Structure formats: structure tokens, C-alpha cells
Amino acid sequence: MNATEQKQRAALAAVNEIQDGMVVGLGTGSTAAFFIRALIEKAHANGWQITGVATSKRSAELARTLGMVVKDIDEVNAIDVTVDGADEFDSYLNGIKGGGAALLYEKVVALRSKKNIWIVDESKQSNRLGSFPLPVEVIEFGAQQVALTLQHMNLHPRFRMKNEREHLLTDSGHNIIDVDISHITDLTTLADQLKSITGVVEHGLFIGICDKVIIGTTPVQVLSKN
Ligand SMILES: O=C[C@H](O)[C@H](O)[C@H](O)COP(=O)(O)O
């Protein structure tokens, strides 16, 4: 079964975690898009009232186009569960996110959710995080200075590009600098160091946030936090 089929299977399995009346955090990316479509289909078929809280303009637009009520995070009292993809995860359910540049809103929503589920294909599983470049979201002003700091930290920074000349801009108008953390062993310390750099808004290390990973293999594998 290829990666796309696995993403679809994981997304379908995650829909089983949702009940009528829930406020659901909607992740971003190709796997999350499968989930949004499948959830809305089930909600329509069963007459469910589901409210979505989106982690990107893309996901909000997709959900609204398909008929879901999507609210801003500040308009809901609580988020029952968030279902999102991941770029890499390990056996502790820590991971790297932000391959689609949505890490900031994804983390804001995840940290306010009662439960976080990641839906993935098996290629995302890793013994040690760092094969996927870690996205660091930075404000545009002084972004080159932050890149220099990251260079001095030996993290081989590279700006995420929109095209040959322009930096990519996130939904918040920030830049993304991808860094190489494959040689770093203490990721908690690295996370703290990155957050302490003025100009850094957030990074894509999600440590201790995910409660459950659903891998769309046959049969589906579920990893839960102890
Ligand atoms: O910024 C994007 C997100 O973190 C995505 O959830 C992540 O990149 C996984 O995307 P996909 O499901 O397309 O592999």
C-alpha cells in the first residue's frame, strides 16, 4: 500500500474518534485534508453538528467549502480533539511538524486541545528525530540575523523559498528557516534554545503534545501515550 493510501486509511480511522457535537481541531497538509473530507462526509451522512477550528487558511477554506462550520480559536470554549498530520514522529510520540509551513497555528491549536491525534503513513516513523529538516518560524524583520545565529549553532539554516527569489511567507506573514538537527541529541534543550532567540516565533518540534498516532498500514497501527 502506498503512502497516499496509508494517509487515507489513517484519516478514516481518525474519523472514528469523533462524536456528534465535538469541536475538532483541523490540521494542515495532505493527510489532514483526507481527514477533513472524511469527517464532513460522515457528519453530513449522520446529521452531526461538528465545529472546526482550522490550523491554516487552506484547511479553513477546504472545510468551509465542504459545508463545515469553522470558527476562530478564540470563538470556542474548548477543542475536544485535534487531528493533524506529522512530518516525522518517534516512539515517544514526539515529532517534527511544519513541512507545510503551518506549524505555528498547528501548535497553538494543539496546545489548547484536550487530545491530539496524528495521522500518518509509515514513512513518517523514525527511531530518532532529525531526518526531516526542522522548520523554524521567524519574523521577517531581521530574519537574516536569526539565520546567522542558527548558522553559529551549526544548524545549517536554509530559508524556505516561495520561488527562486522570494522567501515563503506563512499564514502569519513570517519566514520559515529549515535547520538540520540530525546531529542533535538533546532536543528539549534545542527547543528551549530556539525559543530564546529574539525573532523566532516558534519551531516545529512537538514534544509531549501528541496523545495518539494512527499509522495507515494494513492493519492500522495505533500508538498511544502511556
Ligand atoms: O505544516 C504542515 C503540517 O505540519 C503537516 O501536518 C505536515 O507537514 C504533514 O503533512 P502531510 O500530511 O502532507 O504529509
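This is a predicted model: local features need pLDDT of at least 70, side-chain atom pairs count only at pLDDT 80 or more; totals for chains, interfaces and linings use all residues.
Let me begin with arginine 58, which is partly exposed because 19 other C-beta atoms lie within 10 Å, where buried means 20 or more other C-beta atoms within 10 Å of a residue's own, exposed means 12 or fewer, and partly exposed is in between, with C-beta atoms placed from the backbone. Residues are numbered from 1 along each chain as its sequence is written.

Arginine 58 is found in helix α3, residues 57-65, helices being DSSP runs of H or I with at least four residues, numbered from the N terminus. The C-alpha atom of arginine 58 is separated by 9.8 Å from that of glycine 27, although the two are 31 residues apart along the chain.

Glycine 27 also brings us to glutamate 106, which is in contact with Gly27, Thr28, Thr55, Asp84 and Lys97, leaving aside its neighbours within four places in sequence; contact here means C-beta atoms, placed from the backbone, within 7 Å. Glutamate 106 is in helix α4 and is buried, with 31 other C-beta atoms within 10 Å. The UniProt annotation "active site", from an unreviewed entry, covers Glu106, and such annotations may be inferred rather than shown by experiment.

Turning to the ligand, there are 18 residues around it, of which Gly29, Thr31, Gly85, Gly99 and Gly100 come nearest, a residue being near if its C-beta atom, placed from the backbone, lies within 6 Å. The elements that give two or more residues to this shell are α2 (30-46) and α4 (103-111), and α2 supplies the largest share, three residues.

Which residues touch the most other members of the largest nonpolar core? Of its 64 residues, they are Ala14, Phe35, Leu39 and Ile119, in a core defined as buried Ala, Val, Leu, Ile, Met, Phe, Trp, Tyr and Cys residues joined through C-beta atoms within 7 Å. Helix α2 gives the largest share of this core, seven residues. Domain 1 (3-126 + 207-220) and domain 2 (134-202) both contribute residues, so the core lies between them; the domain bounds come from an automatic or database assignment.

Finally, the C-alpha centres of the two domains lie 25 Å apart, and 11 residues of domain 1 are in contact with 14 residues of domain 2. On the side of domain 1 that touches domain 2, α4 gives the most, with four residues.

Methods:
Two residues are in contact if their C-beta atoms, placed from the backbone, lie within 7 Å.
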